[in-house]
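Please examine the sequence and the structure shown below.

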Amino acid sequence: QVQLVESGGGLVQPGGSLKLSCTASKNTLRNSRMGWYRQAPGNQRELVAAETNSGTTNYADSVKGRFTISRDNAKNTVYLQMNSLRPEDTAVYYCNARMVFDTQSYWGQGTQVTVSS
């Protein structure tokens, strides 16, 4: 079974930083391309950062230069480092795994990030 568990969300002031973690079940990262999405109240879920099949990363224009996706295969964990946070970054952040051998995607339960003074 593929399981994804996010952590690291919370309340932070504008300009602050948070680092989200997504711990995956065994072999998930090896067989997947990972991504982070977010959904704010009243909005559609949107891509924040994602690994591509060619080994690069894609970022939403709104987070370029501020957010960084990375992985640690030994720890079965993908990270989202978020710097210079803005109130508009407030959302539930979801970890996503795209299987390289299938079209199936899996989602974590989400973690709340609130940016407010």
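In which loop is Glu 88 found? Glu 88 lies in the loop between β8 (77-82) and β9 (91-99). The model is a predicted one, in which local features need pLDDT of at least 70 and side-chain atom pairs count only at pLDDT 80 or more, whereas totals for chains, interfaces and linings use all residues. Residues are numbered from 1 along each chain as its sequence is written, and side-chain values use heavy atoms, with hydrogens and water left out. Strands (E, at least two residues) and helices (H or I, at least four) are DSSP runs, numbered from the N terminus.

- Exposed means over 50% relative accessible area, buried under 20%, and partly exposed in between (1.4 Å probe, protein chains only).
- Glu 88 and Ser 7 are 81 residues apart along the chain, and their C-alpha atoms are separated by 20 Å.

**Strand pairing**

- Strands of a sheet pair through backbone hydrogen bonds, either parallel or antiparallel. Here, two strands count as paired if DSSP finds at least two bridges between them.
- Four strands form an open sheet in the order β1-β3-β8-β7, with antiparallel pairing. Its edge strands, β1 (4-7) and β7 (67-72), each pair on one side only.
- Strand β1 is joined to β3 (residues 18-24) by four bridges, and the two run antiparallel. Within β3, Ser 21 stands opposite Ser 7.
- Strand β2 (residues 10-12) runs parallel to β11, with three bridges between them. Val 12 has Val 115 of β11 as its bridge partner.
- Strands β9 and β11 run antiparallel and are joined by three bridges. Thr 111 in β11 stands opposite Tyr 93.

- A nonpolar core is a set of buried Ala, Val, Leu, Ile, Met, Phe, Trp, Tyr and Cys residues joined through side-chain atoms within 4.5 Å. The largest one has 27 residues, of which Met 34, Trp 36, Val 48, Phe 67, Leu 80, Met 82 and Tyr 93 touch the most other members.
- At least two residues of this core come from each of β3, β4 (32-39), β5 (46-51), β7, β8, β9 and β11. Strand β9 gives the most, with five residues.

**Aromatic rings and a charge**

- Two aromatic pairs are found in the whole structure. Rings of Phe, Tyr and Trp (its six-membered ring) pair if their centres lie within 6.5 Å; planes under 30 degrees apart count as stacked, over 60 as edge-to-face and the rest as tilted.
- Tyr 37 and Trp 107 form an edge-to-face pair, 5.0 Å centre to centre with 70° between the planes. Tyr 37 belongs to β4 and Trp 107 to β10 (residues 105-107), 70 residues apart.
- Tyr 37 is buried at 17% relative accessible area, while Trp 107 is partly exposed at 38%.
- Tyr 94 and Trp 107 have ring centres 6.5 Å apart and planes at 85°, so this pair is edge-to-face as well.
- Ring pairs link Tyr 37, Tyr 94 and Trp 107 into a cluster.
- The charged end of Arg 45 sits over the ring of Tyr 94, 3.7 Å from its centre, and over the ring of Trp 107, 4.6 Å from its centre. The criterion is that NZ of Lys or CZ of Arg is within 6 Å of the ring centre and within 35 degrees of the ring normal.
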